[in-house]
Amino acid sequence: MRAHLDKILALSGVAIREMYRRKDFYVVLILTVILTLALGSMNFFNEPGITGYVKEICLLLIWVFLLIIAITASARQIPSEIESATIFPLLAKPVTRSEVLLGKALGCWLATGIALVVFYTIFAILTASREHTLPVGLLIQTVLAHWTMLAIVISMTFLGSVIFAAPSSNTTICLTVIIGIMLLGRHLHKIALGLSEPTRTIVEIIYFSIPHVEIFDLRDLLIHNYPAAPWDKFGILLVYGFFYSVIFLILGCLAFNRKRLR
Amino acid sequence: MPDAVIKIDNLRVEYKGIGGNAPKVAVKNLSLEVKQGEVFGFLGPNGAGKTTTINVLLGFIEPTSGSATIFGVDTREPIARNRIGYLPELTYYYKFLTAEELLRFYARLFQIPKDVAEKRINAALKLVELDHARSRQIKTYSKGMQQRIGLAQAIINDPDLLILDEPTSGLDPIGKMKVRQIIQRLKSEGKTVFFSSHELGEVETVSDRVAILHEGKLKEEGKVQELLNKYNCNLEQVFLKVIGYEEIPV
């Protein structure tokens with residue numbers, strides 16, 4: 001078990017190293033930092049009550065950029081290994097395909113975690129400087145929920161990267177699915193109630209089987225300074241997120257093990 | 001320890017036909033044994049099935065029928081690759097890593113303790129004469145240097161069996177000589193070397209035994225000297241005769 005874990009960690013280290021040595025990752029990271037800093041430090045119309053809107057825009061930026069970073073980074077990991085044939089000297093070592101996929105996914109998740117901490121630290125500094133208060137508990141919950149949601153996104157994208165040949169089509173599909181769930185996910189059940197059979201059952205099955213990533217979005221609570229949720233209930237949210245991540249990763253490993261590389 | 005390091009038994013590999021075409025048979029009922037401490041040259045023209053056989057030995061593809069074992073372990077088992085070093089034909093490495101980062105990463109996959117790994121990295125980089133460029137990213141290397149880092153990664157686990165897929169491909173004469181020296185050194189250390197190559201002069205120099213594959217079938221196999229005596233010519237001419245090549249007058 002320890003040997004498996006060490007190999008997965010070694011693979012994740014390479015994935016992280018690749019990301020921070022790639023210029024595109026830096027561009028997105030720096031762009032988000034600059035935009036968040038610029039927006040957060042502006043004083044629009046000399047209106048003190050505008051802080052809430054500024055926070056909302058900053059958080060939206062963080063969400064959009066992190067989603068892009070997570071999906072684009074994850075979508076190319078396995079296809080680029082196959083395309084550049086680096087997978088062959090790698091698989092000639094005592095390492096399984098599942099370890100390769102899990103290591104790469106872990107690397108992407110840890111890298112987005114680093115970006116997440118950078119973004120939310122800036123956000124916290126800006127909020128504290130404007131409102132002279134910082135809801136630490138809720139901020140931690142927001143970051144953890146966001147990171148768990150990214151785990152679902154990354155594992156789903158890895159599954160897609162094994163199934164779809166081109167990273168671009170996988171990126172588009174994953175981005176569409178995630179944004180679709182975020183916007184429509186919670187309404188699917190209501191939509192189903194107004195439909196006739198068998199469409200109703202189909203929509204209900206979709207509603208109960210998709211990962212509801214929208215419930216990890218705690219931005220509104222942070223914007224309006226709500227108190228933090230009880231930690232036991234919050235824990236269930238994280239378990240729900242990790243359950244879906246594990247399911248997608250298992251499916252990804254199964255598909256990758258069956259995939260013909262040559 | 002089994003006497004045969006590599007044992008291929010009645011191996012058949014078929015690739016699925018694309019667009020309704022019939023499946024392509026890449027390897028037809030190949031049986032082969034490579035013994036401990038041998039340098040085994042695996043020869044054949046392009047498309048003969050050499051790389052497919054190597055892919056089966058490394059567990060990259062599954063045989064349609066038949067079996068292949070390494071040190072008595074089925075090649076599909078990752079543990080079979082614990083004692084193997086593999087050099088691919090082309091330079092397939094993470095170009096954003098430096099040479100020592102790449103070797104450290106591979107050493108970790110073999111679960112080599114850190115202090116041992118550092119010693120092996122130093123020794124391997126010295127052997128392939130890349131010590132001076134150890135901290136440079138591989139993307140800045142010349143083709144020859146990339147091939148040499150490939151050789152360094154192939155020996156990082158001190159393997160008992162080396163599988164080299166056209167190790168001298170694209171190398172200059174000095175690079176080729178260096179690879180030849182390394183193969184001979186590994187042989188003197190009792191390692192088994194299984195390599196494919198089109199450089200028949202070199203194969204003749206370093207190999208103990210050779211197998212010649214053509215259109216997926218094993219056409220000839222034996223000790224180099226015995227084949228030279230049997231056909232009464234050099235290995236290149238033996239090769240051409242075995243595959244049935246007829247020279248067309250220009």
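**Ground rules.** I count residues from 1 along each chain as its sequence is written, with chains lettered from A and ligands numbered from 1 in the order in which they are written. In this predicted model, local features need pLDDT of at least 70 and side-chain atom pairs count only at pLDDT 80 or more, while totals for chains, interfaces and linings use all residues.

**Confidence.** I started with pLDDT, the predictor's confidence in each residue, from 0 to 100. Chain A averages 88, and 95% of its residues score at least 70. Within chain A, helix α2 (residues 23-41) has the lowest mean, 75, and helix α11 (residues 231-258) has the highest, 95. I take helices (H or I, at least four residues) and strands (E, at least two) as DSSP runs, numbered from the N terminus.

**Where the chains meet.** I call two residues in contact if their C-beta atoms, placed from the backbone, lie within 7 Å. By that rule 21 residues of chain A are in contact with 25 residues of chain B. On the chain A side, α1 (2-21) and α4 (87-91) each supply at least two residues, and α1(A) gives the most, with eight residues.

**An enclosed helix.** Next I asked how many residues of helix α2 (residues 99-109) of chain B are buried. A residue is buried if 20 or more other C-beta atoms lie within 10 Å of its own, exposed if 12 or fewer, and partly exposed in between. Nine of the 11 are buried, so α2(B) is largely enclosed by the rest of the structure. Its buried residues, including B:Leu102 and B:Phe105, pack against α1 of chain A together with α3 (114-127) and α4 (143-154) of chain B. After α2(B) comes B:Gln111, with a positive phi near 60 degrees.

**The core.** B:Leu102 turned up again when I looked at the largest nonpolar core, which has 133 residues. Such a core is a set of buried Ala, Val, Leu, Ile, Met, Phe, Trp, Tyr and Cys residues joined through C-beta atoms within 7 Å. A:Ala70, A:Val153, B:Leu102, B:Ala152 and B:Ile163 touch the most other members. Leaving out residues up to four places away in sequence, I found B:Leu102 touching B:Tyr93, B:Tyr94, B:Leu97, B:Ile138, B:Ile149 and B:Gln153.

**A helix pair.** The axes of α6(A) and α7 (residues 167-184) are 9 Å apart, at an angle of about 140 degrees.

**A buried strand residue.** B:Ile8 sits in strand β1 (residues 4-15) of chain B. Why is B:Ile8 counted as buried? B:Ile8 counts as buried because it has 24 C-beta neighbours inside 10 Å. Its contacts beyond four places in sequence are B:Leu30, B:Ser31, B:Leu32 and B:Ala68.

A cis peptide bond joins A:Glu197 and A:Pro198, with omega about 5 degrees; A:Pro198 lies in the loop between α8 (188-193) and α9 (199-209) of chain A. B:Glu129 is not a glycine, yet its phi is positive, about 55 degrees. I found B:Glu129 in the loop between α3 and α4 of chain B, partly exposed, with 14 other C-beta atoms within 10 Å.

Conventions:
Axes fitted to C-alpha atoms, helices over the stretch in contact; angles between N-to-C directions.
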